[in-house]
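Please look over the sequence and the structure shown here before reading on. The report after them is meant for a reader who meets this structure for the first time.

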Amino acid sequence: MVESDLNVLEHDLVPEHSLLSEQEAEKILADLKITRDQLPKIRRDDACIRLLERIEGPIHPGRIIQIRRKSDTAEEFIVYRLVISKELKG
Amino acid sequence: MMRGVSKRIGSIKFSTLSPDEVRKMSATKVITADTYDDDGFPIDMGLMDPHLGVIEPGLRCKTCGNKVDECPGHFGHIDLAMPVIHVGLVKEIKKLLQSTCKTCGHLLMTKEEAQRKAQEWADMDDLGGDAIDYRLLAKGTAKDASKNTICPYCGQEQGKITLDKPTTFREDGHKLTPKEVRERLERIPDEDLPPLGIDPNSCRPEWMVLTALAVPPVTVRPSITLESGDRSEDDLTHKLVDVLRINQRLRENRDAGAPQLIVEDLWELLQYHVTTYFDNQTSGIPPARHRSGRPLKTLVQRLKGKEGRFRSNLSGKRVNFSARTVISPDPSLSINEVGVPEEAARELTVPVHVTKSNLEFLRNMVKGGANPPRVDDRYVPGVNYVIRSDGRRMKVTDRNAESIAEGLEVGYIVERHLMDKDVVLFNRQPSLHRMSMMAHTVRVMPWKTFRFNLCVCPPYNADFDGDEMNLHVLQSDEARAEAMILMRVQEHILSPRFGGPVIGAIHDHITGTFLLTHMNPRFDKKETLSILSKVKHDELPAPVVVDGKEYWTGHQLFSLVLPEDFHITFKASICRNCAVCKKEDCDLDAYVKIRKGKLITGTIDEKAIGSFKGKILDKITRDYGADASREFLDNVTKLAIGAIMVHGFTTGIDDEDIPEEASIQIKEVLTDAVRRVSEFVQAYREGILEQLPGRSLDETLEVEVMKVLGRARDEAGQIAGRHLGMENSAVIMARSGARGSMLNLSQMAGCIGQQAVRGERLSRGYWNRTLPHFKKGDLGAEAKGFVQNSYKSGLTPTEFFFHSMGGREGLVDTAVRTSRSGYMQRRLISALEDLKLKQDGTVRNTADIIVQLRYGEDGVDPCRSVQGDAVDVDDILSEVLGEDAEALARIEEKKLSGYATIEKDLMETMEEEEAEEPEYDAGGGGGDD
Ligand SMILES: [Mg+2]
Ligand SMILES: [Zn+2]
Ligand SMILES: [Zn+2]
Ligand SMILES: [Zn+2]
């Protein structure tokens with residue numbers, strides 16, 4: 001796939017994505033009292049993850065991404081997503 | 001009695017049957033196509049072999065020895081002479097053929113690639129994934145493998161596999177027989193199957209090509225004996241007979257060494273019969289038919305669609321303790337109640353556990369039997385069954401009632417008739433939202449219809465032109481408690497759809513409060529007491545004394561049903577949005593001001609108490625709770641009915657009477673418009689019509705014509721409207737929002753206007769004209785669907801035809817829209833049905849996977865939101881500021897502007913929809929409602 005020059009993360013409508021460190025991830029999981037597999041998923045070939053990889057280096061499946069969404073009613077809403085293997089095609 | 005779960009299902013796995021399994025579970029081999037002999041006995045090894053189960057009462061099963069209803073039925077099997085493809089699995093087979101080697105059968109992938117795929121599967125197992133993820137993974141593997149054209153194991157070059165629908169495989173154009181297909185699938189080694197999503201322990205790919213066909217038990221395809229004594233067989237049996245016949249001929253021909261061509265033809269015929277046995281709607285082949293021409297209903301047809309096993313027998317079952325009948329209105333009932341006919345109440349029962357404290361009460365009830373006599377002409381509940389502690393049910397009859405009553409003990413269960421205050425669920429299809437099924441308390445009543453308060457019509461979308469509704473009696477205390485807390489009508493006054501009231505006054509109730517409050521009329525003592533007779537109130541307010549006579553004002557009477565400290569300001573529906581609002585001095589009495597529970601100025605109409613719009617209703621529910629809101633609605637219903645009955649209210653076609661000169665004026669306006677249209681057409685013909693920017697000449701003409709005619713209709717409406725004042729009943733209903741609109745009125749009194757199909761003037765029908773009454777190419781107003789007449793003056797034949805054309809579009813639209821939105825609704829529900837809000841505030845599915853970390857990402861219940869916002873800041877502000885008029889006005893302004901647009905959009909679409917609904921069904925009649 002040809003990588004576009006466009007940085008989608010800078011787009012207004014794309015919420016802020018960030019990679020959690022392993023310690024942070026463990027803490028979040030403990031706070032939520034869940035295991036990794038219960039989290040919503042994000043594919044490794046997601047445009048945002050590919051861009052994050054440029055900064056953070058390779059992001060392997062199993063890592064957790066934090067997404068800060070702007071919300072009309074809740075101001076800001078934080079969700080976590082688990083990175084899963086990239087070679088999944090619809 | 002068995003209680004609790006005796007065995008727990010750990011998991012369910014679906015797989016394919018191997019030919020060995022088919023033979024192993026078979027009670028008998030079926031070899032002959034004949035079913036019964038001359039004496040009517042089933043032939044051994046035929047399709048009705050007694051080993052396959054029993055359907056005739058009295059006989060015993062030859063396999064298990066049980067009688068009808070005890071024998072579960074047993075499978076048989078047919079050994080197919082030649083293998084055939086299973087239609088349901090062609091996609092899988094194609095995938096397998098494409099991704100494996102034609103000679104050695106290996107997956108077309110190098111070891112490393114395969115390793116990587118295996119790793120992906122392992123990852124998926126670790127990190128969790130649903131069935132769709134796994135399927136996608138398998139699909140991806142197959143796709144990648146099929147890209148390799150040379151086998152990495154044996155170097156064999158691969159052919160291109162294509163599928164000729166429905167069951168013919170080709171390799172580079174050459175046909176592959178099912179036998180060849182099967183051989184290839186056999187060669188695929190076990191270890192190459194997991195990456196393709198197949199578990200070799202439970203499924204081998206060659207099983208997808210059938211060599212043995214399972215014959216379902218006779219209990220699944222029972223034959224019916226007709227009155228004439230003839231037997232009529234099930235469609236499945238007919239199909240299996242076909243399979244057996246061709247199978248027999250194929251075997252004979254093959255064994256006799258018949259020419260290849262004949263064998264192949266028979267083989268294909270066998271494939272056809274087996275295919276249609278599975279699915280008789282396979283695309284690409286003609287469906288098998290009865291002698292009568294009716295297509296056979298085979299396996300897939302039994303399962304699929306609305307009438308199929310899933311939608312009609314599994315997700316939608318028939319239930320006990322339910323009733324269905326026609327509905328009718330009763331304003332004397334509370335919104336929480338439902339009137340149930342006595343006849344229904346005597347059939348529907350509630351189980352009551354006998355305890356020490358209710359023993360005597362129940363004993364008395366049982367004594368009355370199953371049909372106790374009325375006392376003081378009142379319904380008395382009886383008992384249909386008594387269940388003893390050992391689980392035995394005893395039917396209560398007039399004869400044994402006495403003795404059963406004597407024998408009643410603690411621990412028994414009494415199934416008593418429905419009585420007042422029982423909790424039931426009430427429902428009207430289509431159940432599109434949660435308010436379609438609400439909990440009501442019972443009021444047993446004479447006559448044969450279910451009755452409820454009119455305020456509850458909007459959530460059910462019910463009217464009384466023959467609508468029927470369902471009622472379900474709750475059977476346990478838990479269910480009753482849950483229903484009362486979660487499903488009770490009063491808990492649903494505010495809708496989660498738009499955070500406003502869905503339950504509220506409609507039609508005559510709005511007219512009633514309008515008549516009661518508009519311009520604050522006076523009522524003498526007699527009238528006042530008549531209005532208030534059913535309304536719950538403490539005492540009469542101080543009367544106004546005029547000329548020594550006591551009067552009460554409408555505002556005073558309405559204030560009686562408001563909470564004591566109620567406080568609100570808004571503009572009523574009748575407000576015409578004057579440029580400068582005169583507020584309290586409004587000429588139309590449209591400025592509603594309520595202080596300390598007293599209505600000071602304004603008219604109570606749709607904007608105040610109507611469903612979808614009612615602001616008073618909204619505020620009472622929000623600030624005082626569901627109980628107060630229910631009480632308010634019940635009272636308003638009665639108050640409105642009282643007011644409208646004192647005043648008297650009727651409407652008829654003479655409400656649309658306008659004076660002669662107005663009719664002449666309208667005629668002039670319309671003739672003028674028609675003339676101007678012909679001028680435009682003339683200009684267009686001569687080529688001197690000035691083209692509008694961005695439009696073709698044709699379009700310009702249409703736009704101009706539409707503009708002229710639209711304006712003409714509006715003008716006609718305005719002329720008519722000038723003669724229809726506030727004293728007119730139809731106008732009262734339209735302006736107050738009770739029913740109808742001013743547009744409806746102007747179409748009745750003035751002019752109906754241009755008819756349109758797909759937003760354009762009518763043009764289709766005959767060649768270059770709409771009807772043979774016009775010249776070809778006539779572009780004038782009359783020829784293209786402009787209706788000058790009004791509903792009252794009556795349409796000319798051509799106008800009538802045009803009007804029907806416009807009306808037809810509406811009907812087609814509605815039909816298309818309902819079916820499409822029904823499908824969308826089903827898809828949406830199946831996606832969301834297993835989501836659940838957990839204690840920790842997260843939304844999870846049944847696999848315990850988090851969907852949202854917080855419900856709706858803000859944790860706000862849309863029901864309790866204020867038009868979508870969690871907190872109504874303006875309302876709090878206005879409460880704090882109190883009478884600070886200036887600030888208050890600004891707030892109101894802001895609120896109204898925002899609120900009005902949402903509301904307007906909402907109501908506009910609603911009105912459109914209503915207009916499209918044909919309203920000439922007079923009721924009764926099946927399916928008219
Ligand atoms: Mg109806
Ligand atoms: Zn049996
Ligand atoms: Zn090979
Ligand atoms: Zn006004």
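Predicted model: local features only at pLDDT ≥ 70, side-chain atom pairs only at ≥ 80, totals over all residues.

## Charged patches on the surface

On the surface of chain B, a patch of positive charge brings together B:Lys91, B:Arg135, B:Lys139, B:Lys143 and B:Lys165. Helix α4, which covers residues 131–147 of chain B, supplies the largest share of this positive patch, namely 3 residues. B:Lys165, by contrast, is found in the loop that runs between β2 (161–164) and β3 (168–171) of chain B, and with a relative accessibility of 60% B:Lys165 counts as exposed.

Helix α4 of chain B also holds B:Lys147, which counts as exposed because its relative accessibility is 58%. The C-alpha atoms of B:Lys147 and B:Gln98 lie 8.7 Å apart in space, while the two residues are 49 residues apart in sequence.

A negative surface patch is made up of B:Asp538, B:Glu539, B:Glu564 and B:Asp565. Of these residues, B:Glu539 sits in the loop between α16 (525–532) and β19 (544–546) of chain B, and its relative accessible area of 63% makes B:Glu539 exposed.

## Salt bridges

Side chains of opposite charge can pair when their charged atoms come close. How many salt bridges does a search of the whole structure find over all chains? The search finds 51 of them over all chains, and a few are described here.

In chain A, A:Arg44 and A:Glu53 form a salt bridge whose closest N and O atoms are 3.2 Å apart; A:Arg44 has a relative accessible area of 17% and is therefore buried. In chain B, the side chains of B:Arg675 and B:Glu679 meet in a salt bridge, at 3.2 Å from N to O. Because B:Arg675 and B:Glu679 are 4 residues apart in helix α20 (residues 660–686) of chain B, about one helical turn separates them. B:Arg675 counts as partly exposed at 45% relative accessibility, and B:Glu679 counts as partly exposed at 44%.

A further salt bridge joins B:Asp848 to B:Lys838, with the closest N and O atoms 3.3 Å apart. B:Asp848 lies in the loop between β29 (843–844) and β30 (850–852) of chain B, and B:Lys838 lies in the loop between β28 (836–837) and β29, so this pair ties together parts that are 10 residues apart in sequence. B:Asp848 is partly exposed at 29% relative accessibility, and B:Lys838 is partly exposed at 29% as well. Back in chain A, salt bridges that share partners join A:Glu22, A:Glu26, A:Arg36 and A:Arg63 into one network.

## Aromatic pairs

A search of the whole structure finds 10 aromatic pairs over all chains. One of them is the edge-to-face pair of B:Phe452 and B:Tyr460, with 6.0 Å from centre to centre and 65 degrees between the planes. B:Phe452 and B:Tyr460 are both buried, and they belong to one aromatic cluster that is formed by B:Phe426, B:Phe450, B:Phe452, B:Tyr460 and B:Phe464.

Is the pair of B:Phe774 and B:Phe802 stacked or edge-to-face? The pair is stacked, because the ring planes of B:Phe774 and B:Phe802 stand at 20 degrees, with the ring centres 6.1 Å apart. This pair links distant parts of the chain, 28 residues apart, since B:Phe774 lies in the loop between β26 (760–761) and β27 (786–787) of chain B and B:Phe802 lies in helix α24 (residues 797–832) of chain B. B:Phe774 is buried at a relative accessible area of 14%, and B:Phe802 is buried at 1%.

## Backbone details

Between B:Gln429 and B:Pro430 the peptide bond is cis, with omega near -5 degrees, and B:Pro430 lies in the loop between β14 (423–427) and β15 (437–445) of chain B.

Positive phi values are found in two aspartates described here. B:Asp172, although not a glycine, has a positive phi of about 50 degrees; B:Asp172 lies in the loop between β3 and β4 (174–176) of chain B and counts as exposed at 51% relative accessibility. B:Asp547 likewise has a positive phi, near 50 degrees, and this residue is found in the loop between β19 and β20 (549–553) of chain B, where B:Asp547 counts as exposed at 77% relative accessibility.

Technical notes
Residues numbered from 1 in each chain as written. Chains lettered and ligands numbered in written order. Heavy atoms only, no water. Patch = residues over 30% accessible without salt bridge, like charges linked within 9 Å, V, L, I, M, F, W, Y side chains within 5 Å. Areas by Shrake-Rupley, 256 points an atom, 1.4 Å probe, with all protein chains shown as cover. Salt bridge = Lys/Arg side-chain N within 4 Å of Asp/Glu carboxyl O. Lys, Arg positive; Asp, Glu negative; His and termini not counted. Charge placed at Lys NZ, Arg CZ, Asp CG, Glu CD. Helix = DSSP H or I, 4+ residues; strand = E, 2+ residues; numbered from the N terminus. Buried < 20%, exposed > 50% of the residue type's maximum accessible area, 1.4 Å probe, protein only. Phe/Tyr/Trp six-rings, centres within 6.5 Å; stacked < 30°, edge-to-face > 60°.
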